[in-house]
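Subject: Structure for your review

Dear colleague,

Please find the structure below, followed by an account of what was found in it.

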Amino acid sequence: MLKINKINQYYKESHTLRDLSLEIKEAKCTCIMGRNGVGKTTLMKTIMGLLPIKNGELIYNNQNIARLSSDKRANLAIGYVPQGREIFSQLSVKENLEIGLLGNRNNLKTISSKIYELFPILKDMLRRKGGDLSGGQQQQLSIARALCIQPKLLILDEPTEGIQPNIVQQIGEVIDHLTKEEKITIILVEQKLPFARKHGDTFFILNRGCVVNSGEMSQLDDEMINQHMSV
Ligand SMILES: Nc1ncnc2c1ncn2[C@@H]1O[C@H](COP(=O)(O)OP(=O)(O)OP(=O)(O)O)[C@@H](O)[C@H]1O
Ligand SMILES: [Mg+2]
């Protein structure tokens, strides 16, 4: 689905992603793990085309997308839920979802009923301003907005950060549904170990912009966790 080959990324002189390589398998949930500041969000932004890379390849379904604009990548059905949600707080829930629709490559004009099946709370809140929702509801809105483009690859950057437990559980159920029933590929940046273990199929641990461990989720052991995660 997505193969990242030896990418290097810099913030001015600061070399942040270093010869980073990894592979994302179709219809699986791949967790990107590691402590604060190791480069997880930077990696997601480079996949989305929001940050340029100096060199390396991003091979998405046999096409190198490394030089494509972020709009073109969205047209290739890559959806993105940024860390911190970034919903429009002054716009209504419905308007936020309609912004997602603008990126729909199939010219879909109405919000699919599936979105409301996954997030029933949003249907009750369509006229509310985004900013009036709780943090967890905003996170659900941000995921719903990304689903409006009908992604084949969905990037979720720390979707459970600062969210109340009942909504964390609902987000987990949505992740399972999307991968297992809808065969959507998910990249999940996650620092909460139980959540990653429950919903992830494979993992990559980053440290200082490199992959330092990877494998099937069942292979994630205490030594890796103690060495590379904040628990
Ligand atoms: N816009 C920027 N300009 C310069 N340096 C940046 C910028 N954004 C991030 N960095 C630095 O790049 C490194 C990687 O940051 P990044 O946000 O990718 O980490 P992260 O793994 O997502 O961390 P967290 O778990 O806190 O979200 C950090 O040292 C950070 O300070
Ligand atoms: Mg981050």
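Asn8 touches His15, Leu17, Arg18, Asp19, Ile53, Lys54 and Asn55, leaving out residues up to four places away in sequence; contact here means heavy atoms within 4.5 Å. Asn8 belongs to strand 1 (residues 2–11), where helices (H or I, at least four residues) and strands (E, at least two) are DSSP runs numbered from the N terminus. With 8% relative accessibility, Asn8 is buried; buried means under 20% relative accessible area, exposed over 50%, and partly exposed in between (1.4 Å probe, protein chains only). The Asn8 side chain also reaches the backbone nitrogen of Asp19 at 2.9 Å.

Please note that this is a predicted model, in which local features need pLDDT of at least 70 and side-chain atom pairs count only at pLDDT 80 or more, while totals for chains, interfaces and linings use all residues. Residues are numbered from 1 along each chain as its sequence is written, chains are lettered from A and ligands numbered from 1 in the order in which they are written, and side-chain values use heavy atoms, with hydrogens and water left out.

Turning to the metal site, the magnesium ion (ligand 2) is coordinated by Thr41 (OG1) and Gln83 (OE1), at 2.0 to 2.2 Å. Thr41 lies in helix 1 (residues 40–48) and Gln83 in the loop between strand 6 (78–81) and helix 3 (93–102), so the pair ties together parts that are 42 residues apart in sequence. Donors are N, O and S atoms within 2.8 Å of the metal (3.2 Å for Na, K and Ca); water is not among the atoms, so sites may look incomplete. Thr41 is partly exposed at 22% relative accessibility, and Gln83 is partly exposed at 27%.

The loop between strand 6 and helix 3 also holds Arg85. Arg85 has a phi near 75°, a positive value in a residue other than glycine, and is buried at 18% relative accessible area. Glu158, in the loop between strand 7 (153–157) and helix 7 (165–180), has a positive phi near 50° and is buried at 7%.

Gly130 is in the loop between helix 5 (120–124) and helix 6 (135–147). Gly130 is buried, with a relative accessible area of 0%. Beyond its neighbours within four places in sequence, Gly130 has contacts that include Ile87, Phe88, Leu91, Val93 and Gln138.

The largest pocket holds about 520 Å³ of space. Of the 22 residues that line it, the closest to its centre are Met48, Ala74, Tyr80, Arg145 and Ile149. A pocket is an open set of points on a 1 Å grid over the protein atoms alone, where a 1.4 Å probe fits, with protein on both sides within 12 Å along at least five of seven lines; lining residues have an atom within 4 Å of a point. Volume is the space filled by probe spheres set on the points, which are joined across faces, edges and corners. Helix 2 gives the most to the lining of the largest pocket, with 4 residues.

The second largest pocket has a volume of about 270 Å³. Among the 18 residues lining the second largest pocket, Lys114, Leu147, Gln150, Glu182 and Ile184 are the closest to its centre. Helix 4 (residues 113–118) gives the most to this lining, with 3 residues.

Yours sincerely

Definitions and conventions: A polar contact is a pair of N or O atoms within 3.5 Å; within protein, one must be able to donate a hydrogen and the other to accept it, and residues adjacent in sequence count only if both atoms are side-chain atoms.
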